[in-house]
Amino acid sequence: MDKKIVVETQDLTKRYDGTTVVNNLNLHVPENEVFGLLGPNGAGKTTTILMLMGLTEPASGSARVFGFNSTREPLKVKRLTGYLPERLGFYDGLTARQNLRFIAWLNNMTDDEANSQIDQVLEEVGLTEVADTAVGKYSRGMKQRLGIADVLVKKPRLAILDEPTAGLDPEGINQILDLIAGLPKMETTVVMCSHRLYEVQRICHSIAILAKGKLVVEGALDTLGREALAEGRYKIEVETDGASPQLVEIIGKISGVKNVEAEGNFLHITADSDLRAAISKVVVNSGVALIQMKIQEFSLDDIYKKYFKEG
Amino acid sequence: MITIIRKELADYFTSIRCFILFLLVFIASVVALYAVHQGIRDVSTQSGFIFTGLFTTGTNIPSLITFIALLVPVIGIALGFDAINSERSNGTLNRILSQPIYRDSVINGKFLAGMVTLFIMILTAMLLVGGYGLRMIGVPPGAEEIIRLFIYFISVIIYGAFWMGLAVLFSILFRSLAISLLCPLAIWILLGNPVFNPYISFIAPAMTSSVGTYLALLRISPYFLFSESTAALLDPMFRGLGILTVSDTTGMLYRPLSLAQSLILVWPQLTALICLTVICFAVSYVVFMRQEIRST
């Protein structure tokens, strides 16, 4: 992976009244990816984000976004970054369009640029019909959508989203997740916090898990999944119409296969790499019918559980 | 910053709060006009300053300057007490601060928008009384009177800026709207209200028996500073601030002071008012810059 790193923290530490909220955190977010920041409540995710945005000063260490130091050059960081806070608020007396226009103006956009951009993002989040209604009348979910629009209106290179799907209905969640998943193609890197693991699993490329301010693990999602399930190995499950001890032996001899266990008609194979092609060939050659074969899917739940058991 | 001023002004002008304040100012102007109507004939014509009399006349019914001294702090507090903490509790503060703007432009913008509103209100009141009064008495103002009124106007704005700065400071310090409203109001009741002022009437006299110290103590009150400068600015016959002994007044010519002399008389008061405003603003500024922006 030689992707450019856009967000980097070095020994980032934050203390509030003597308690260390973020402890020597080293994060690396690759460019044009969706990066998931996970962790239980109070793990320091929001504080980390605030430090990335330059809204809070770290006690020690530093955060860099696109190479700019978040503490010393916050304006440069803020120009490139859109932030969706966990608890978002709008001016209730203004319409969605007016709220967005204010943000666009603060980003020095011209009126024409702002108007076309506002129309586009309202369309994307599905608020076009209520664009001229006062935000005070919005439901929680509509405000959440407006929050996403608010981040996108400034065309950020990096979008930091704290619980982007909170308060949305299932359909809305899908819509917003699709929207977020599409951002890397438009050259926007996404860092998102979420407690819903399946959402993270669905759209994130890499994740980091925090606990008590410390980084538990960081890396690409598929690598982590294998590590969680099989200590970095592939687990392959084969169903045949009649497994014999010989077959187990033959499969065990394939280079890269670490372990084979038979259980009725099922064979559980642990391997160093994805050996499905080689295994199927051996099975068929041995005269046994291959009914199905699958590589075991991990879920983020497994990853999460594993690291919290260890931690 | 222009964007923030623009937005804040739009907010102010569409708010019920401002409508009520404008209404108050309007009522005050009308009552003051009535006071002028009743009492303008008693104004000493000796000094030749009749036009300024439009603003200072009032015996039973308060004059415009009394109303302004009463209303301006209230307007300042009403405009500023929720400047920062309402944004914070609405969750809009961290949204604005995550945009590429300097943090200070948020307070600057809000403060300037409040000043523009105050400016318009006071100008309205003065033009109303001045204009209608002109029709009533038919004596046009002299150049010096216009300059005096202008300086008075500036000092009103500074006085309002002080109260708004104070209210903004409390809105930064406290998250609760009730506290940030009550604190400046309490200070106003204690030190700044012209009707019944416990500080001037009871506390300061109780603290000292010396007249000099008493005056110095009184000048802690921004209202006292403001009223002294108003009196000297609008009434050229006003001779001295503080205590004049018989030896001071013997041989004194009963003639109006020139503008420059009046200005010299109130210069310390005006400077002190400006200082108070700057201090309020500077403290707000420092506190706000260091404050943590947590969403909750």
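Which residues of helix 1 of chain B are buried? They are B:Ile4, B:Lys7, B:Glu8 and B:Tyr12. The model is a predicted one.

Seen down the helix axis, the buried residues of helix 1 of chain B fall within an arc of 135 degrees, so they line one face. The face turned away from this buried side carries the exposed residues B:Ile2 and B:Thr14.

What do the buried residues of helix 1 of chain B pack against? Part of the answer lies in chain A: helix 3, residues 96-106. The rest lies in chain B itself, with helix 2 (16-39) and helix 7 (103-137).

That leads to the contact between the chains. Here 17 residues of chain B are in contact with 22 residues of chain A. On the chain B side, helix 1 and helix 6 (93-97) are the elements that give two or more residues. Helix 6 of chain B provides the largest share of that side, with four residues.

Now turn to chain A. Its 311 residues include 42% that count as buried. The secondary structure of chain A comes to 11 helices and 15 strands. The C-alpha atoms of chain A fill a box of roughly 75 × 50 × 30 Å along the principal axes. Among contacts in chain A with a separation of 6 or more, 66% join residues 24 or more positions apart.

Chain A is divided into two parts: domain 1 spans 5-225 and domain 2 spans 233-296. Over C-alpha atoms, 44 Å separate the centres of domain 1 and domain 2 of chain A.

Next comes a sheet in chain A. Four strands form an open sheet in the order 13-14-12-15, with antiparallel pairing. Its edge strands are strand 13 (257-263) and strand 15 (290-295) of chain A, each of which pairs on one side only. Neighbouring strands of this sheet are turned by 15 degrees against each other on average, direction ignored.

Look inside this sheet. Strand 12 (residues 234-240) and strand 14 (residues 266-271) of chain A pair in the antiparallel sense over six bridges. A:Lys235 has A:Thr270, in strand 14 of chain A, as its bridge partner.

Helix 9 (residues 245-253) of chain A lies across strand 13 and strand 14 of chain A. Helix 9 runs at about 165 degrees to strand 13 of chain A. Helix 10 (residues 276-285) of chain A packs on the sheet and touches strand 12, strand 14 and strand 15 of chain A. The direction of helix 10 makes about 160 degrees with that of strand 15 of chain A.

Two loop residues of chain A deserve a look at the backbone. A:Asn32 lies in the loop between strand 3 (28-30) and strand 4 (34-38) of chain A. Its phi is near 50 degrees, a positive value in a residue other than glycine. A:Glu163 sits in the loop between strand 8 (158-162) and helix 6 (170-182) of chain A. A:Glu163 has a positive phi of about 50 degrees, although it is not a glycine.

Technical notes. Residues numbered from 1 in each chain as written. Chains lettered and ligands numbered in written order. Predicted model: local features only at pLDDT ≥ 70, side-chain atom pairs only at ≥ 80, totals over all residues. Buried ≥ 20, exposed ≤ 12 C-beta atoms within 10 Å, placed from the backbone. Contact = placed C-beta atoms within 7 Å. Domains from an automatic or database assignment. Pairing = 2+ DSSP bridges. Axes fitted to C-alpha atoms, helices over the stretch in contact; angles between N-to-C directions. Arc of directions from axis to C-beta.
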